[in-house]
Amino acid sequence: MSARLLMLAAPGAGKGTQAGRLADHYGIEHLDAGELLRAEVEEGTERGAAVRSYMDRGDLVPDEVIMEVVGARLLVAVQSGGYLLDGFPRNLAQAQRGHQLAQEIGGIELQAVVHLEVGRDELRHRMLARAREEGRGDDDRAIIEHRFEVYDRETAPLIDYYEGRGILHRVDGEGDVDEVTERIYRELAGVVD
Ligand code: AMP
């Protein structure tokens, strides 16, 4: 049985980059919720248009939608033995639903949750730099702040939730990208297969 992991971090913490590396390292499927939603938007369906309006505002898409979009892919990934969740779950309801499903199937529960810790000033700096590079408009600053509010309200409670389940691993996400990757490997050594 291979690794079953979740990468949990605030916007701008480098979650996607580190998740991609970890998935390669452990040879498991990288399930990126944001990417799956963007693919849905690209398809130009009615559901895609609705998804886009939530994403553009920096809000979470409704739980039913994310369960539909991620659910099927997740089941395929878990049957292959391992998975790395990136961006899902993002609130307690999603986490509880995911846990319930995993228990129903049996033997596929999360082994470890990596919480990448980066200070708010550094996150703000990184997000604004990214927005400038992508040439986006002035209202980005407000959307970035809104994404932090949504993270604090909806997603941050997952830290205590997974700590309570005894599977939370905190990793310092500041500094050199390669060094952060090494810290994660060191933290997970002996924890996952
Ligand atoms: P990300 O690429 O992880 O930053 O996600 C981009 C956007 O996709 C988020 O700001 C949300 O609008 C949406 N999203 C991603 N994952 C979820 C999720 N698990 N639940 C609800 N919305 C999500």
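Predicted model: local features only at pLDDT ≥ 70, side-chain atom pairs only at ≥ 80, totals over all residues.
Tyr 54 is found in helix α3, which spans residues 46-57 (helices are DSSP runs of H or I with at least four residues, strands are runs of E with at least two, and both are numbered from the N terminus). At 27% relative accessibility, Tyr 54 counts as partly exposed, a label for values between buried, under 20% relative accessible area, and exposed, over 50%, with a 1.4 Å probe and protein chains only. Setting aside neighbours within four places in sequence, Tyr 54 is in contact with Asp 59, Leu 60, Val 61 and Pro 62, contact being heavy atoms within 4.5 Å.

Residues are numbered from 1 along each chain as its sequence is written, and side-chain values use heavy atoms, with hydrogens and water left out.

Of the 15 residues around the ligand, Asp 59, Gly 87, Arg 90, Gln 94 and Arg 147 come nearest (to be near, a residue needs a heavy atom within 4 Å). A backbone N or O atom of Asp 59 sits 2.6 Å from a ligand oxygen atom, while a polar side-chain atom of Arg 38 is 3.2 Å from an oxygen atom of the ligand. For Gln 94, a side-chain N or O atom lies 3.0 Å from a ligand nitrogen atom. On its own the ligand has 490 Å² of accessible area, and the protein covers 91% of that (Shrake-Rupley method, 1.4 Å probe). Helix α2, residues 33-42, gives the most to this shell, with four residues.

Over in strand β3, residues 83-86, is Asp 86. Asp 86 is buried, with a relative accessible area of 1%. Its side chain is joined to that of Lys 15 by a polar contact of 2.7 Å (a pair of N or O atoms within 3.5 Å; within protein, one must be able to donate a hydrogen and the other to accept it, and residues adjacent in sequence count only if both atoms are side-chain atoms). Beyond four places in sequence, Asp 86 touches several residues, including Met 7, Gly 16 and His 30.

Met 7 is also among the contacts of Ile 184, together with Leu 22 and Val 171.
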